[in-house]
Amino acid sequence: MDKQNSTMPTTQYEEERVWEGSNHQYEDEGAEDVIDNPEEVLQECLEKFKTPDYIMEPGIFGQLKRYFQAGGNPEQVIEQLSINYNAVAQMANLLAEWLILAGVKVTEVQAMVENHLKEMIFKTFDPKKADTIFTEEGETPAWLTEMIEHPTWRSLIYRLAEEYPDCLMLNFTIKLISDAGFQGEITSISTAAQQIEVFSRVLKSAIVGFLQSSEDWQNNVTECAKMVCHGAHTYVYSQVIVHILSQEPRGGAIMKRLSQEITRCAQQSNHDVTPITLALTPGESWRGARTALAAMLSRGALNPADISVLFRAYTHAEPPPVHLLRIPHFLELLVDSLFKLGSKLNPEHKSKYMYLLAYAASVCEGVSPGRPVKDELKATVQAIEKIHAVCSSSASSSELIAELPSLYHCIRFPVVGMGVLVWVECVVTEKSYFKLCTEHCPVHLALLDEVASCHPLLHHRLLKLLVQLFESPQDELEILVQLELKKMLLDRMVNLLSRGCVMPVLQYIKQCVTRGDTDISLIRYFITEVLDAIAPPYTQEFVQLVLPMVENEEITGTMRADGENDPVSEFIVHCKAHYVVV
């Protein structure tokens, strides 16, 4: 016991040592305990006293009480606790002090100790033992309340909660974390989905994060959708709330988009959420149209019979509301059936597909119910018919050039722009496309430039396609031909940047520089094209992304002149004079 006294803080040891005076548990239970089998109790206690550092265990005083009530020998227990006292905790503290004296920062030492403890706890955690904390304590332990104030230990709780979702102690701790205002950290924690109070706070934080995001909204909505799609109950609960919010005049359209993204995430996880989607879509009196729509959405495929039912309904004098057709999954099926390569449509029903797609894209509800405004319907149908005829034919590049004026005219219709993008994606991702291509800029990619010019909402998908092509291996081409191909794709990215898709394009190029897997001449080419296309004033975010690449000697060293009259030097001087450079 002297060994323990020399290493354990005196005040803590003295407070805990005097059971008769300060240990309430000992006082309360006092003489009321009845030992039925003293020998068994003694043996059990001695086995525990033999374990390493048992004197440091929080239940030491309870076991000592049982031992002495059973007639245990004080000298024996002192000997057992002393022999088996290894002072692991104290040695860790001593080693930490030595590291600090050796010059290691206190924060680094603390992080080393905490991370090691986290891994040890994660490996040895027993949920059943953890649940006994509440049965023994009867209230929230003070150490637990203090523990959740630290990010390190909160992250440990999150990991454990994912691993042991049925642990009552962890579920309660998640609620404590939420009550403390840290619900923004637990958006991906499945445990939160088991407590409606916690989940409601987490959902609120996720929605606020989505509404406040600008450039990174795609990642925010993906995280939110993953959390919502944790289970059927979380999905229904969240979609109902988002649906109610979508009815608000201010911001309702944004919430409608969030609902659609959540639905897409559920579908990508192979969940059939069609009944829920239609239940939240008005128009219950149009049962025939809803039944036909539900059948196609559940199967994920269109069929002429159900399309004919919808066509008859929407050519009726009093058609169903247009929003029934505007379910994103249904629109995607229509676009794919009309514009994807290899799609087979019955010629007798083809016009019905086109009509429904044009109706969904161009018709809006009128002031009077059942009297929609169809002013743009005819022109939209004609544009879809024209582009579909081109896409479904096997026209050569020279034949497509002859069609460019009419193609450019039709691309101005948003739904046609989407169709052209889907068609071009299929064409240019064929393995042999660039091998057989002879033009510097293929006609199909020139069409994408026009899509980028007319439809900013398609920029994200356009950039995704360009990145896919840029990173795709073209091993069948010669090295110089591959470089020219990548330069042509970089030209498309610069065009996309000039049309307003600035930060996503720059962030991708920065990733290429960071990864170091892109030929430096290509990065130099991109920077040259960008500097030729831009002019001040610039945003702070733009400068933070572009300036490090422009200042990189490896990239722009050969582009600089002796003076400061070259574009590189002018850009650097201007940025350092007018912006805060970190």
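I began with the class make-up of the lining of the largest cavity in this predicted model, and I noted 5 nonpolar, 1 polar and 2 charged residues there. By name, the lining consists of L448, D449, A452, L462, L466, R492, N495 and L496, and the elements that each give two or more residues to it are α27 (443-454), α28 (459-471) and α29 (479-498). I then looked up the volume, which comes to about 40 Å³ for this largest cavity, and I recorded that the structure holds 3 cavities of 30 Å³ or more.

Next I turned to the backbone and asked which peptide bond is cis. I found the bond from P536 to P537 in that state, with omega near 5 degrees, and I placed P537 in the loop that runs between α31 (520-533) and α32 (540-551).

For D53 I read a phi near 55 degrees, and I located D53 in the loop between α5 (38-49) and α6 (60-69). For N270 I read a positive phi of about 65 degrees, although N270 is not a glycine, and I located N270 in the loop between α17 (252-268) and α18 (274-279).

My last entry concerns accessibility: is D53 buried or exposed? I count D53 as buried because its relative accessibility is 11%, and the cut-off for buried is under 20%. N270, by contrast, has a relative accessible area of 72%, so I list N270 as exposed, the cut-off for that class being over 50%.

Methods: Residues numbered from 1 in each chain as written. Predicted model: local features only at pLDDT ≥ 70, side-chain atom pairs only at ≥ 80, totals over all residues. Heavy atoms only, no water. 1 Å grid on protein atoms, 1.4 Å probe; cavity = no way out; pocket = protein on both sides within 12 Å on 5 of 7 lines; lining within 4 Å. Points joined across faces, edges and corners; volume = space filled by probe spheres on them. Helix = DSSP H or I, 4+ residues; strand = E, 2+ residues; numbered from the N terminus. Nonpolar A, V, L, I, M, F, W, Y, C, P; charged D, E, K, R; others polar. Buried < 20%, exposed > 50% of the residue type's maximum accessible area, 1.4 Å probe, protein only.
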